[in-house]
Amino acid sequence: MSTGTPLLELEGVSKRFGPVQALDRVDFAVHAGEVVGLVGDNGAGKSTMVKTIAGIHAADEGTIRFDGQQVSISKPQDATGLGIATVYQDLALCDNLDVVANLFLGREEVSPGIGTASRQLDEARMEHQTGELLSNLAVTIPSLRSEVGTLSGGQRQQVAVARSLLGEPKVVLLDEPTAALGVAQTAQVLNLIRRLRERELGVVVISHNLVDVFEVADRIFVLRLGKAAGEFAAESTTEEHVVAAITGVGRKAEEEGK
Amino acid sequence: MSEGVRTRDTVRRLVQGDLASLRVLIGLALIWAIFQFENDRFLSAQNLTNLMLQIAATGLISIGVVYVLLLGEIDLSVGAVSGLAAAVMAVLNVKHGWNPYLAIAAAVAVGMAIGVLQGSLFSRFVVPSFVVTLAGLLAWQGALLQVLGSTGSINLTDPKITGLANTFYSDAVGWIIAAVVVAGYGGVLLLGHRRRVAAGLESQSMAGIAVRFVLVAVVTIVATTIFNSDRGMPLAVLILLAFVVGMEFVVKRTGFGRHVFAVGGNAEAARRAGIRVNGIRIAVFGIAGTMAAIGGIMAASRLLAVNQNSGGNELLLLAIAGPVIAGTSLFGGRGSVWTALMGALVIGSISNGMDLLALSSAVKFMVTGGVLLLAVLVDAIARQQRQGSGRV
């Protein structure tokens with residue numbers, strides 16, 4: 001397990017929606033070059049936690065530190081500005097556009113010129129950069145000019161992850177990256193996550209699939225009913241322990257894990 | 001991409017309708033062959049020149065419609081706006097003695113303002129564009145009657161205005177223009193090739209570039225020959241082509257155009273990518289209003305008058321049907337400005353050919369309706385096939 005100052009650290013973060021305490025004084029940290037699996041049952045607060053980090057919901061209480069500095073994240077731009085990228089489950093890709101266009105959507109490279117309407121997109125430069133990025137990540141896609149709608153689920157997921165890297169983030173949050181993927185495609189996406197770790201990024205992976213989490217995560221963080229319910233080193237724990245923490249059966253398992 | 005993958009890709013695109021332009025060319029060739037067979041004056045230089053003049057106004061209006069369709073929206077007011085803008089120009093020029101260019105500029109400004117207003121209402125209040133522009137259709141028709149006043153019809157006499165649709169260039173000038181067009185296209189092709197090679201990317205083979213260049217050169221030379229053996233190259237056609245090329249450039253090569261496609265494909269994804277979705281929508285409806293006004297001015301110039309019927313009748317439906325027939329999707333996110341020209345050509349050819357055969361309006365409407373229905377069905381089938389193969 002990584003030591004030193006965490007890249008991102010949550011301390012006593014709470015979030016309440018009306019009568020529902022979605023997050024209850026949660027402490028959480030992710031270090032550079034570390035993959036943390038965030039697991040928990042439906043309604044355990046996983047999504048709320050990710051959305052709090054991503055700036056969709058502001059936290060009610062608690063402190064968030066980034067690179068050791070206390071920060072306030074109240075809107076998505078705050079999070080992206082700090083270097084936190086989020087890939088949501090729906091991917092938010094434009095199926096009618098090609099891979100290059102999707103990667104650079106909203107931050108297109110343009111050639112110099114006068115006025116927005118005459119400034120030509122620098123397609124050659126964008127395609128070149130896309131090719132480099134994807135080959136660095138060992139993502140294989142039939143053609144950079146194929147429409148994203150023609151790609152497989154795994155390829156689409158990889159395009160979405162690659163897009164999040166264009167902003168050169170330090171922390172990447174992945175929401176259910178392997179949901180609804182076949183075996184081979186899941187393997188591709190997990191490999192991509194490993195390469196994010198090699199790039200010294202802090203990676204948080206939300207998943208329902210414990211097999212995938214064990215496959216890729218260094219540390220597993222369990223949420224239950226909005227509270228931290230256990231933290232395990234993936235190497236030294238078993239699936240039963242994690243399941244016990246998720247379901248709340250046998251509080252002893254949690255202590256063993258710690 | 002290997003040669004095999006590329007071939008398979010081409011076949012798939014043909015089947016699934018991405019190569020709609022080829023389909024349209026085949027359809028157009030078929031239509032021309034049938035009418036030529038029925039009446040050998042159809043492909044005469046005079047009739048083809050007339051055809052191009054007939055479609056200029058509709059084609060210009062359709063350019064704006066393409067932008068709206070790319071968003072997956074519709075603008076039912078373009079016909080009424082074109083009539084109103086023409087009336088504004090006519091009243092300012094004829095009744096108030098305004099300089100013709102100022103009158104034209106004012107008319108275009110009116111069209112743009114109407115488009116921006118409708119786009120703002122649509123995006124701000126999340127009312128379906130269908131309803132906002134339907135209200136506009138009625139309101140701007142009323143405004144047209146109001147502007148024209150009691151006379152109900154204004155004849156245009158200013159040579160600057162009537163010249164738009166009635167100017168023909170001499171043979172020599174026509175050839176010079178053709179040469180500039182061909183040379184310009186060749187330059188653009190080479191420049192694009194060099195940029196891709198410079199960036200270390202795979203580019204089209206020189207043979208492919210040569211084929212495209214030769215195709216455009218041949219079409220330009222044939223068209224110029226045809227125009228020159230009649231009255232000469234018409235200014236109206238040059239205006240239409242300039243707008244098609246310019247607006248295609250904006251939609252395919254600029255960041256703004258890319259964002260139009262993105263909003264039409266997945267508005268939520270565009271929003272999350274930081275694109276100002278409502279800004280794009282307002283701009284697109286502004287473009288539709290502007291192009292409607294320009295088309296209306298062209299129509300008035302050709303008719304030499306503005307009357308209570310300007311922008312009425314089937315103009316609206318043809319302006320929307322054209323791009324759809326030529327392959328711009330009604331579902332948003334797919335299409336090109338060239339479909340405005342190609343669609344106008346298809347519809348114009350059918351209408352012109354049936355006029356030559358002296359068919360009644362009844363038949364004309366039914367045939368045009370049938371063609372539109374066919375085109376929409378093809379679009380829907382192509383979409384279903386894309387979905388069937390996992391593409392949305």
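Two residues are in contact if their C-beta atoms, placed from the backbone, lie within 7 Å. With that in hand, welcome to a short tour. This is a predicted model, in which local features need pLDDT of at least 70, side-chain atom pairs count only at pLDDT 80 or more, and totals for chains, interfaces and linings use all residues. Residues are numbered from 1 along each chain as its sequence is written, while chains are lettered from A and ligands numbered from 1 in the order in which they are written.

**View 1. Where chain A meets chain B.** Chain A brings 25 residues to the contact and chain B brings 29. On the side of chain A that touches chain B, helix α4 (residues 123-136) of chain A gives the most, with 4 residues. Helices (H or I, at least four residues) and strands (E, at least two) are DSSP runs, numbered from the N terminus. Sorted by class, that side of chain A holds 11 nonpolar, 8 polar and 6 charged residues. Here Ala, Val, Leu, Ile, Met, Phe, Trp, Tyr, Cys and Pro count as nonpolar, Asp, Glu, Lys and Arg as charged, and the others, Gly among them, as polar.

**View 2. Chain A as a whole.** Chain A contains 9 helices and 10 strands. Its radius of gyration (taken over C-alpha atoms) is 19 Å, close to the 18 Å that the globule rule gives for 258 residues, so chain A is as compact as a globular protein of that length. That rule is 2.2 Å times the number of residues to the power 0.38. The C-alpha trace of chain A spans about 65 × 40 × 35 Å along its principal axes. Buried residues account for 48% of the 258 residues in chain A; a residue is buried if 20 or more other C-beta atoms lie within 10 Å of its own, exposed if 12 or fewer, and partly exposed in between.

View 3. Strands β9 (residues 219-224) and β10 (residues 227-233) of chain A pair in the antiparallel sense over 6 bridges; two strands pair if DSSP finds at least two bridges between them. A:R224 has A:K227 in β10(A) as its bridge partner. The hairpin has 2 residues between the strands, and A:L225 takes a positive phi near 50°.

**View 4. Two loop residues with positive phi.** Most residues other than glycine have a negative phi. A:E176, in the loop between β7 (171-175) and α6 (183-198) of chain A, has a positive phi near 50°. A:E176 counts as buried because it has 20 C-beta neighbours inside 10 Å. In chain B, B:V126 has a positive phi of about 50° and sits in the loop between α5 (100-125) and α6 (129-148). With 8 C-beta neighbours inside 10 Å, B:V126 counts as exposed.

**View 5. Helix against helix in chain B.** Helices α10 (residues 235-253) and α15 (residues 338-356) of chain B pack at an angle of about 145°, with their axes 8 Å apart. Axes are lines fitted to C-alpha atoms, for helices over the stretch in contact, and angles run from 0 to 180 degrees between N-to-C directions. B:L240, B:V244 and B:E248 of α10(B) meet B:W338, B:A340 and B:L341 of α15(B). These contact residues divide into 5 nonpolar, no polar and 1 charged.

**View 6. Around A:V205.** The largest nonpolar core has 174 residues, and A:V205 is one of those that touch the most other members. Such a core is a set of buried Ala, Val, Leu, Ile, Met, Phe, Trp, Tyr and Cys residues joined through C-beta atoms within 7 Å. Not counting residues up to four places away in sequence, A:V205 touches residues including A:V35, A:L38, A:L174 and A:I193.
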